[in-house]
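I opened my notebook to get to know a new structure, one look-up at a time. Here is the model I worked from.

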Amino acid sequence: MSVEVERKFVCDPEIQKTLKDVGAVCAGQRQFEDQYFDTADFSLTLRDFWLRRRDGCWELKCSTGSGIHKGNGAEGMCSRYREITSVPRIKAEVTALVKGGFGKAAGDHGELAASDISDKWLIEMNLSCFAKFTTQRCSFLLQDEENEGKVRIDLDQADFGYCVGEIEIIVSEGYDVQAALRKIEDTANKLGLTGEQRVQGKMDVYLQRYCPDHYAKLLNAHIL
Ligand code: V4E
């Protein structure tokens, strides 16, 4: 399993030039559609679990209990989420969160092991889509200071009119997360990102605009 360590930043109009100046190389552009799912009482997101279908592929991002709001300085600016892409594992985690166990609630025998998530299973879990938007993403790669690997920088433009940048490193679980945090800080410094203020992600802005009750509950629970 992998852990995503990331720091969001506000994109200024010069960002593409700045990226080229520091040696980042454009790694391509893509467009994707995200749909996020939760129960009516927000069993997943209020625990900081994010179930997403991106262009047909399922993913569950799970809080690691650290990151935004939970640290100081550079660490506090970064978030960390475990990423699960195996559908049987996603189903097991979601079932435990929604129904509190793996028994009857998991559905028919074999349902947990199935390789896709059916509409029937979503209904059984009382899950429905609460957010749907399309993103245009421009990705850049930058060699890190220690020449050990590359840091990815994504510039995202969502179809509801919000742009955000993201410095991201994916590490294997158990890998030195502190090293990833240092690399992200180095990259932020190279890009001249000095702000210590939390930057809103696409989801923050989407919920604030279109789902204010859900947004208020997440703010209240210190998830966003
Ligand atoms: C909302 C949220 C999550 C869902 C995914 O959010 P994000 O990583 O911003 O989306 P995206 O499109 O960049 O995904 P990627 O392509 O990198 O996989 S995961 C955690 N949250 C909550 C959250 C938070 N606590 N703080 C901030 C700044 N944003 C989101």
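**Ground rules.** I am looking at a predicted model, where local features need pLDDT of at least 70, side-chain atom pairs count only at pLDDT 80 or more, and totals for chains, interfaces and linings use all residues. I number residues from 1 along each chain as its sequence is written, and side-chain values use heavy atoms, with hydrogens and water left out.

**The barrel.** I looked up the strand order and found 8 strands closing into a barrel, β1-β5-β4-β3-β2-β6-β7-β8, with antiparallel pairing. From one strand to the next, the twist averages 35°. Helix α5 (residues 177–190) packs on the sheet and touches β1, β5, β6, β7 and β8. The direction of α5 makes about 145° with that of β8. For the record, helices (H or I, at least four residues) and strands (E, at least two) are DSSP runs, numbered from the N terminus. Axes are lines fitted to C-alpha atoms, for helices over the stretch in contact, and angles run from 0 to 180 degrees between N-to-C directions.

A reminder to myself: strands of a sheet pair through backbone hydrogen bonds, either parallel or antiparallel.

**Strand β4.** Is β4 buried or exposed? I found that 6 of the 7 residues of β4 (residues 57–63) are buried, so this strand is largely enclosed by the rest of the structure. Buried means under 20% relative accessible area, exposed over 50%, and partly exposed in between (1.4 Å probe, protein chains only).

Next I checked the partners of β4, where two strands pair if DSSP finds at least two bridges between them. Strand β3 (residues 49–54) pairs with β4 in the antiparallel sense over 6 bridges, and R52 has E59 as its bridge partner in β4. The two strands form a hairpin with 2 residues between them, and D55 in the turn has a positive phi of about 45°. Strand β5 (residues 78–84) runs antiparallel to β4 and is joined to it by 4 bridges; here C62 stands opposite R82.

**The ligand.** Which polar side-chain atoms lie by the ligand's oxygen and nitrogen atoms? I noted R52, at 2.9 Å from an oxygen atom of the ligand, R54, at 2.8 Å from an oxygen atom, and Y81, at 3.1 Å from a nitrogen atom. A polar contact is a pair of N or O atoms within 3.5 Å; within protein, one must be able to donate a hydrogen and the other to accept it, and residues adjacent in sequence count only if both atoms are side-chain atoms. The protein covers 95% of the 640 Å² of accessible area that the ligand has on its own (Shrake-Rupley method, 1.4 Å probe; for residues, only the protein chains shown count as cover).

**D204.** I found D204 in helix α6 (residues 202–210), where D204 counts as buried because its relative accessibility is 5%. Its side chain makes a polar contact with the side chain of R198 (2.4 Å), and a polar atom of that D204 side chain lies 3.2 Å from the backbone nitrogen of G201.

**T64.** This residue lies in the loop between β4 and α2 and is partly exposed, with a relative accessible area of 33%. Leaving aside neighbours within four places in sequence, T64 is in contact (heavy atoms within 4.5 Å) with R80, Y81 and R82. A polar atom of the T64 side chain lies 3.1 Å from the backbone oxygen of R80.
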